[in-house]
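Grab a pencil and have a go at the exercises below. Try each one yourself before you read the solution.

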Amino acid sequence: MEVILNQLFVGLSIASILLLVALGLTFTFGQMNVINMAHGEFIMAGAYTTYVLQTALGTGFLTLSFGLALPAAFLIAGTLGLILEFLVIRRLYGRPLDTLLVTWGVGLMLQQLARDLFGAQNVNVSAPSFLDGGLTVAGVSLSYSRMFIIGVVLFVVVAIALYMQRTPAGRRMRAVMQNRPLASVSGVRTRVVDRTTFFIGSGLAGVAGVGITLLGPVGPTLGLAYLIDAFLVVIVGGLGQLRGAILAALALGMANSFIEYNTSASIAKAGVFLLIVLFLQWRPQGMVVQQRRGLAS
Amino acid sequence: MTELLKIRDLVVAFDAFHAIDGLDLTLEEHEVRFVIGPNGAGKTTLIDSITNLVRPTAGSILFAGEELLGKSEYAIVRTGIGRTFQKPSVFDELTVLENVDIAASFRLPFRSLLRRRKGISDEVAQTLGSVNLTDQSESPAGSLSHGQKQWLEVAMVLVQRPRLLLLDEPVAGMTEKERLHTGELVTRIAAEGTTVLVVEHDMDFVRRFAHKVTVMHEGKILTEGSVAEVQSNETVREVYLGRPRDARGAAEALT
């Protein structure tokens with residue numbers, strides 16, 4: 001029983017990190033079909049934002065610098081995304097392979113930039129003191145930093161859902177993704193919507209970067225490790241579907257945690273990949289598919 | 001009568017194929033004009049080039065004296081031109097009300113789009129009423145019937161109070177009752193002062209509701225006139241009868 005509870009929490013914890021790095025991609029990849037390989041470097045930018053704030057404010061203000069890092073990372077990564085969209089991606093809409101190669105190159109440049117600015121060595125971000133330690137419930141220890149990440153993910157998910165469902169701007173975003181020509185002749189500025197979508201998606205990568213500093217050291221190639229996982233979550237969940245991404249992250253996290261308990265970390269990784277391949281054979285569109293009726297597509 | 005829309009020497013080329021090939025068309029303010037023609041005559045391309053969904057190769061489109069070529073889609077919407085599509089096109093996953101709301105808020109600045117709006121404006125409610133969709137306002141647009149989707153599309157355009165309304169086959173796939181209702185709606189819109197251009201295949205509908213008809217053929221205007229004049233025109237007969245795949249349309253058109 002204890003084992004199951006413990007693995008459930010580990011699974012939930014993995015799921016929350018998967019979802020955190022994937023949320024931004026549900027916008028740029030899911031909604032706009034842009035394969036942005038530099039997404040990982042936006043995560044890295046968010047992580048270094050935390051480091052810079054912490055160094056600037058000193059160790060006396062860990063909580064403050066960490067709190068500031070969340071919005072700051074969103075803005076910085078979002079702005080990087082806007083620049084990338086303006087300089088590169090808007091010239092490549094509808095050309096996924098070219099986008100993939102070009103953004104991969106941009107990613108390498110950003111990594112080098114990080115090396116030049118912060119050195120090739122990994123840097124350490126200290127967690128605020130209120131995240132030290134953990135809670136033991138029914139024999140299972142829950143660390144505060146993992147619970148904090150889960151909290152951040154919940155907050156971001158609710159914020160995204162409210163934005164998409166309740167605000168006219170969010171509805172416009174959904175409208176453009178559902179039917180671009182109709183949106184444009186209905187007076188929606190599709191270019192503005194594209195830029196906003198890209199800003200939000202990239203900004204969320206920055207927020208993910210802040211969360212990831214709680215898990216280990218920060219280095220220039222930090223984002224790469226999470227990039228593939230993030231794409232997998234979006235694909236398994238169904239393109240552009242927030243609900244799908246949540247389900248997929250939970251499923252992958254749990255599968256990882258339970259396979260890992262019985263075997264080893266690398267077997268678990270391979271096992272999860274195998275499950276994904278099988279699942280996509282069965283449902284290539286992913287878990288949640290847009291409901292459509294009639295001839296219009 | 002003043003000229004509202006003045007198209008001169010319009011050419012739309014897709015590589016070597018000229019979908020529109022030197023077309024001239026003038027619409028007076030407050031007129032209702034029906035455009036007919038065999039398949040591939042360029043009728044939809046004409047509407048697409050007015051709303052900038054295709055970019056014309058040459059020519060000029062003046063709307064109330066203002067050149068439309070080179071303007072973006074939303075700028076054209078703002079000058080007062082609305083259109084519908086041949087296939088019913090609505091935002092399937094948004095509710096009927098949200099669909100109309102997106103169209104209705106086309107002039108609002110981006111800032112105001114971040115605030116949640118409460119309630120329904122009179123204009124939106126009234127427009128939904130005029131197309132008989134008040135009861136469905138909270139349903140997802142994807143669940144509407146074919147005919148209702150087309151009305152919703154018309155409502156989304158009407159709520160913007162356009163000066164020029166372009167309808168692309170508004171009664172395609174509708175039942176007899178829905179056609180009648182649509183015809184009455186078009187007549188009413190025109191009576192309220194909107195200029196309307198209707199592309200239509202259904203000759204029965206054209207005969208019942210059209211006064212002035214323009215016939216297109218191979219990207220050009222073949223002739224213009226009343227329904228009776230067009231029907232008795234020799235060249236129109238040839239165009240329809242000369243192409244076997246349009247024989248059925250021709251028989252309908254000319255009987």
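This is a predicted model: local features need pLDDT of at least 70, side-chain atom pairs count only at pLDDT 80 or more; totals for chains, interfaces and linings use all residues.

Residues are numbered from 1 along each chain as its sequence is written, and chains are lettered from A, with ligands numbered from 1, in the order in which they are written.

**Exercise 1.** Work out which elements chain A has and in what order they run.

Solution. Start with the tally: chain A has 11 helices and two strands (DSSP runs numbered from the N terminus, H or I of at least four residues for helices, E of at least two for strands). Next, walk from the N terminus: α-α-α-α-β-β-α-α-α-α-α-α-α.

**Exercise 2.** Find out why the radius of gyration of chain A agrees with that of a compact globule.

Solution. First, take the rule, 2.2 Å times the number of residues to the power 0.38, over C-alpha atoms. For 297 residues that puts a compact globule near 19 Å, and chain A agrees because it has 19 Å. Then look at the spans of the C-alpha trace along its principal axes: about 60 × 45 × 35 Å.

**Exercise 3.** Which residues is B:Leu152 in contact with, leaving aside neighbours within four places in sequence?

Solution. Skip the neighbours within four places, and you get B:Val90, B:Val96, B:Asn99, B:Val131, B:Leu133, B:Ala141 and B:Leu144.

Key:
Two residues are in contact if their C-beta atoms, placed from the backbone, lie within 7 Å.
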